[in-house]
Amino acid sequence: MKEPTVQSAQPPYTILNRTFTSEGACEAKRNFMFVKVHKAGSTTANCIFQRFGYEHNLTFVLPVIRSDVGWPNLLRQEDFIPSADGTYNVLVDHTVYNRQLLDHLMPPDTMYIAILRQPLSHLRSVFNSYHLVKKMRGLQRSDPVASFIKSPDQFHVPYVKALSHTREPYTLAKNYMAYDLGFPLGLSDSQSSIDEYIETLSREIDLVLILEHMAESLVLLRRMMCWTLKDILYNVAPKNLKKYKKTPMSTALLKQHRRWSNVDYQLYDHFNATLWQKIQREGADFPHEVRHFQNVLNQTAIFCTKAIMKVPKIELNLTAGKLTIPKTTWHEEFDIDSTLCLKLKMEWHDWSHVLKKTHKMPPNLSSGFRRAISMTNTRVLDKSLLLNIFHVD
């Protein structure tokens, strides 16, 4: 039986706009830090980065506690698991962005990446994920987000406090994305400080992904990092999908929210515009590659529904064969098989488990760090898949 292939229209020209070696081959960048902004689609991007790091045998800055490297505080050496040689290639777990600390930890040629989401959409996700309706008494249950925006001071808890048992700072409903990106929230009423902060981020962060334009963001990422199209494939089903009610918001409330979460809006507006400015510099073939990427994602999703079975647990369907993606202007031919489908389906919990189990550690690592490595769980992988695919327990 002939293997399926994906055909995609492509322009009859190439664009060479990256750093190339003397042989003319694009050199992939393998040192990178991802500012994993909460509730901004960062888990989907995170899984892409975790898979890339695993496939290329890179060394991760791995958190001692769940998925937080120091967050909500600035990172310390006690917050991450030491590596065998004291060096690292990748940091993708939650941490408060602080360039001085990161420069001390990461290699000089590290690429810095972040992600943002439209602030109202972000607030809705925060309300849903953190169950803020239960924590903020007096909200109208029919539309709690609108009820909050009408009188935010009535419900908001000062960010200087934190819940010790959850480690969540009370910045959840105001400039939460700015908090993750290191903005001192006490300056949120200082426009000059906001302007300076955004200008600094523009210099320091190489690319800010925009959730509402994820395909374009990832194709731009691929080009910037000199990665392959295969490297940026992901499971099109959102990793942390939670349904919540969306009701139309009045113009007055939208303006109110923009005033309330002012830093987040200015961040989003600036980096959304910056994304499209960068895309315009990519040349006429960029939208062709985006459409091709979306086509490959859809074909991959269809193939993977056949390549992975749930009977009753997840198993690989080894009779599914492979999906061949032919060579194009943007990449060489490559195959998608059931093992790759499994890796695309994995959640960050699964990748965290695998990465901690395969992490190269110093021989004299303390028992506390070793306990942190053993205290992991998985969502997709069972013991059989861990052993057969990743050779870990």
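This is a predicted model: local features need pLDDT of at least 70, side-chain atom pairs count only at pLDDT 80 or more; totals for chains, interfaces and linings use all residues.
Ser 193, Ile 194, Tyr 197, Ile 198 and Leu 201 are buried. Look down the axis of α8: its buried residues fall within an arc of 130°, so they line one face of the helix.

What covers the buried residues of α8? The cover includes α7, residues 176–180, and α11.

A quick check on length. Helix α8 covers residues 191–204, which is 14 residues. At 1.5 Å a residue, they should span 20 Å. The end C-alpha atoms are 20 Å apart, which agrees.

Next, the sheet. Four strands form an open sheet, in the order β2-β1-β3-β6, and the pairing is parallel. Which strands stand at the edges? They are β2, residues 90–91, and β6, residues 207–210. Each has a single partner strand, so one side of each is left without a neighbour in the sheet.

Take the pair β3 and β6. Strand β3 spans residues 111–116, and four bridges join β3 to β6. In this pairing, Ile 113 stands opposite Leu 207 in β6.

Last, helices across the sheet. Helix α1, residues 42–55, lies across β1, β3 and β6, running at about 165° to β1. Helix α11, residues 262–280, lies across β3 and β6. Its angle to β6 is about 105°. Remember α11: that helix is also part of what covers the buried residues of α8.

Conventions: Residues are numbered from 1 along each chain as its sequence is written. Side-chain values use heavy atoms; hydrogens and water are left out. Two strands pair if DSSP finds at least two bridges between them. Helices (H or I, at least four residues) and strands (E, at least two) are DSSP runs, numbered from the N terminus. Contact means heavy atoms within 4.5 Å. Axes are lines fitted to C-alpha atoms, for helices over the stretch in contact, and angles run from 0 to 180 degrees between N-to-C directions. The expected span of a helix is 1.5 Å times one less than its number of residues. Buried means under 20% relative accessible area, exposed over 50%, partly exposed in between (1.4 Å probe, protein chains only). The arc is that of the directions from the helix axis to the C-beta atoms.
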